[in-house]
Amino acid sequence: MVTAAPHRSVRPHVRRYVGWWEHRTTPLYRRELPSAEVPLIISFGASIRLFEVADRTKSTDLGSFATGAYDAHVVVEANGSQGGIQIDFTILGMRLFLGRPLADLTNRGIALEDIFGSDARRLTSELHDIPTWEARFDLLDREIAARISAARRPASEVLCTWKRIVESSGLVTVRALVEETGWSQKHLISQFREHIGLAPKMFARVMRFGSAVDRLRRKEHASLTELALDCGYYDQAHFDRDFRAFAGVTPTELLSTLGSHGGFSSE
């Protein structure tokens, strides 16, 4: 596994690149949690299975794919010989890279070929054939910068709302956002959900939850109560309710599934 930071030109919209190769003789199930980041996978090997959020008995096998925003955890299965690159976009970065609103991608993945057609096949083939990870990441820098530069931006009010929620770690209120944009609450919610895939209040909850998970993963807390208060939760009960809603388990149960890869395993 190789991790790299993107070029500074795309860093506002891309958090990291992760390249990997692995071979498994038994399936590995990971619990992927909702956050302000969403992955785009360039696959060099076997497909990856995503289980549906609403019905865990249903799943989709995907090669190279992108996802929209999530408001619940998703279980992902890896098996066989796999390799590729994971590009961790911000949700807004994914909106710009794909060049389309994300409303219809909430809680689901979509094959890259269904969005970009032959360009998806070209990019996957070129990245596979390049001999070094560094050169692969350089190519991604150029591809991503070009697509984001050419993308038509959402309205400035949507961008302002995004920025305020991110900068406040989800602690800004919808009332404050309405006052700052000058839009009606209904219109702001509708436009933000159309482009980002989540309503502002839900995205703020995801931001707050993601901050708590990052600190939980790094064990940057003296107690769960202290962590809850530091992340803007009213109390421990409020904290536990959001974890059950987004992760399906309590904070303590989630921490017990933390694997060496930094992710969370799922039974």
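**Strand pairing, helices and a cavity in a predicted model**

Student: Over how many bridges do strands S3 and S7 pair?

Tutor: Residues are numbered from 1 along each chain as its sequence is written, and side-chain values use heavy atoms, with hydrogens and water left out. The model is predicted, so local features need pLDDT of at least 70 and side-chain atom pairs count only at pLDDT 80 or more, while totals for chains, interfaces and linings use all residues. Helices (H or I, at least four residues) and strands (E, at least two) are DSSP runs numbered from the N terminus, and two strands pair if DSSP finds at least two bridges between them. S3 and S7 (residues 74-90) run antiparallel, with Thr90 of S7 as the bridge partner of Glu37, and the number of bridges over which they pair is seven.

Student: Which residue of S6 is the bridge partner of Leu40?

Tutor: S3 is also joined to strand S6 (residues 65-67), in the antiparallel sense and by two bridges. Within S6, the residue that partners Leu40 is Ala66.

Student: How many of the seven residues of strand S3 are buried?

Tutor: Relative accessible area, with a 1.4 Å probe and protein chains only, decides this: buried means under 20%, exposed over 50%, and partly exposed in between. Strand S3 spans residues 37-43 and is largely enclosed by the rest of the structure, because the buried residues among its seven number five.

Student: Which residue of S7 stands opposite Leu50?

Tutor: Strand S4 (residues 48-51) pairs with strand S5 (residues 59-62) in the antiparallel sense over four bridges, and there Phe51 has Ser59 as its bridge partner. S4 is joined to S7 as well, again antiparallel, by two bridges. On the S7 side, the residue opposite Leu50 is Val76.

Student: What distance does helix H8 reach from its first C-alpha to its last?

Tutor: The expected span of a helix is 1.5 Å times one less than its number of residues. H8 (residues 200-218) has 19 residues, for which 27 Å is expected. Its buried residues include Phe203, Met207, Phe209 and Leu216. The distance that H8 reaches is close to expectation, at 27 Å.

Student: What volume does the largest cavity hold?

Tutor: A cavity is a set of points, on a 1 Å grid over the protein atoms alone, where a 1.4 Å probe fits but cannot get out, and its lining residues have an atom within 4 Å of a point. Grid points are joined across faces, edges and corners, and a volume is the space filled by probe spheres set on the points. The count comes to one cavity of 30 Å³ or more, and the space in the largest cavity is about 40 Å³.

Student: Which helix gives the largest share of the lining of the largest cavity?

Tutor: The lining residues include Phe97, Leu112, Asp119, Arg122, Leu123 and Glu143. Helix H2 (112-116), helix H3 (118-129) and H4 each supply at least two of the lining residues. The largest share, four residues, comes from H3.

Student: Is Glu143 buried or exposed?

Tutor: Glu143 is placed in helix H4 (residues 133-150). Contact means heavy atoms within 4.5 Å, and, leaving aside neighbours within four places in sequence, Glu143 is in contact with Phe97, Arg122 and Leu123. Because its relative accessibility is 15%, Glu143 counts as buried.

Student: What separation lies between the C-alpha atoms of Arg164 and Ala176?

Tutor: Arg164 belongs to helix H5 (residues 156-167) and is partly exposed at a relative accessible area of 27%. Not counting residues up to four places away in sequence, Arg164 touches Val172, Leu177 and Glu180. Arg164 and Ala176 are twelve residues apart along the chain, and their C-alpha atoms are separated by 9.7 Å.

Student: What phi does Ser169 have?

Tutor: Most residues other than glycine have a negative phi. Ser169 lies in the loop between H5 and helix H6 (174-181) and is partly exposed at 33% relative accessibility. Although Ser169 is not a glycine, its phi is positive, at about 55 degrees.

Student: How many disulfides does the count come to?

Tutor: A disulfide is a pair of cysteine sulfur atoms within 2.5 Å. Cys160 is partly exposed, with a relative accessible area of 32%, whereas Cys231 is buried, at 6%. By the distance rule, the number of disulfides is zero.

Methods
On a 1 Å grid over the protein atoms alone, a cavity is a set of points where a 1.4 Å probe fits but cannot get out, and a pocket is an open set with protein on both sides within 12 Å along at least five of seven lines; lining residues have an atom within 4 Å of a point.
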